[in-house]
Amino acid sequence: MKKILLAALLTVGFTSPAMALDLNKLLSGDTLSKGLSVLSNTGEALSTATRGLGPAEEEALGQSVMSTLLGAEPLLNDPKIQRYVNQVGMWVAMQSEQPNLNWRFGVIDSPNINSFAATGGFILITRGLWDRLQTEAELAAVLGHEITHVVRKHHAKAIASAKGQQATSDLLTLVVDYNNGKSGGKSLEKLGKAGSEVFIRGLDKSDEYEADVNGMVLAARAGYNPYALVSVLQLLGSVNPSDNSVALMFSTHPSPKDRLDNIDQVVGDRLEDYAAGVETTKRFNQVKR
């Protein structure tokens with residue numbers, strides 16, 4: 001029954017191809033200026049860490065980070081892949097605590113193996129990772145992991161933590177400069193880099209482990225075999241750590257072996273009833289051609 005429902009929903013689709021491609025609009029000056037304006041009101045909150053980021057602040061910070069990432073690695077120019085990844089991502093996100101967040105998914109044209117999430121519902125995977133995924137369930141597992149980072153506000157927590165203090169300080173300096181009209185366009189550029197540094201330097205290991213486990217739960221709720229994440233981690237573990245394609249991922253995440261050990265310890269066979277879920281689909285195979 002779950003397979004039928006999943007197939008029907010994916011056939012209908014939740015998003016248009018334009019949703020992924022609209023991520024390119026983040027590179028526009030208007031969007032960056034709007035985001036910076038919102039963030040300028042966030043400075044006090046970031047410096048004191050007395051409260052969490054609100055929805056508008058999360059959206060602005062996420063836009064800043066994604067603008068920088070997309071400026072370095074553009075979206076893959078393949079509307080079919082972008083639409084498909086959005087559809088799968090939206091379906092998995094609907095199983096989360098924030099189904100109505102403005103989720104946006106995309107595949108960036110990078111040979112490296114990695115995936116990224118940012119506050120506000122932005123999620124990107126690299127072409128290098130997409131090319132290596134063998135089933136739709138593996139894609140759902142990766143997206144479930146990243147969706148968990150967003151809904152559990154792992155990045156916002158990192159900003160408020162000691163680990164993110166330097167980057168936060170840099171960010172606040174830029175906000176002050178912007179408010180004083182000192183740096184103009186350079187502030188916009190540096191703001192994106194500072195925000196990206198917060199996200200790219202890595203989260204706490206406990207957040208990564210939580211994202212693995214909860215991502216498996218989201219995949220199971222969505223009707224997929226949650227143990228597909230095990231396959232993805234085994235794939236990552238087979239890549240030579242000295243390979244440049246995994247350098248950033250390995251520097252910001254626990255090792256695949258440690259993540260597999262944690263899944264074995266925390267999940268074990270508790271999701272075994274869902275292991276008969278969807279592995280792959282005709283649609284996946286068509287898009288992968």
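1. The lining of the second largest cavity comprises eight nonpolar, three polar and two charged residues. In this classification Ala, Val, Leu, Ile, Met, Phe, Trp, Tyr, Cys and Pro are nonpolar, Asp, Glu, Lys and Arg are charged, and the others, Gly among them, are polar. The volume of this second largest cavity is about 110 Å³. It has 13 lining residues, and Ser-115, Val-142, Leu-236, Met-249 and Arg-259 are the closest to its centre. Helix 8 (136-151) and helix 13 (228-237) are the elements that each contribute two or more residues to this lining.

2. The model is predicted: local features require pLDDT of at least 70 and side-chain atom pairs pLDDT 80 or more, whereas totals for chains, interfaces and linings use all residues. Residues are numbered from 1 along each chain as its sequence is written, and side-chain values use heavy atoms, with hydrogens and water left out.

3. The count of cavities of 30 Å³ or more is three. On a 1 Å grid over the protein atoms alone, a cavity is a set of points where a 1.4 Å probe fits but cannot get out, while a pocket is an open set with protein on both sides within 12 Å along at least five of seven lines; lining residues have an atom within 4 Å of a point. Points are joined across faces, edges and corners, and a volume is the space filled by probe spheres set on them.

4. The largest pocket holds about 160 Å³ of space. Of its 16 lining residues, Glu-73, Ser-110, Asn-112, Phe-116 and Leu-248 lie nearest the centre. Helix 5 (55-72) and helix 14 (247-252) each supply at least two lining residues. By class, this lining has nine nonpolar, six polar and one charged residues.

5. Helices here are DSSP runs (H or I, at least four residues), numbered from the N terminus. Helix 12 (residues 205-221) packs against helix 15 (residues 256-266) at about 55°, with the axes 10 Å apart. Helix 12 is therefore oblique to helix 15; angles under 35 degrees count as roughly parallel, over 145 as roughly antiparallel, 65 to 115 as roughly perpendicular and the rest as oblique. Axes are lines fitted to C-alpha atoms over the stretch in contact, and angles run from 0 to 180 degrees between N-to-C directions.

6. Helix 13 and helix 15 pack at about 155°, with their axes 9 Å apart. Helix 13 is thus roughly antiparallel to helix 15.

7. Lys-153, although not a glycine, has a positive phi of about 55°. Lys-153 belongs to the loop between helix 8 and helix 9 (154-160).
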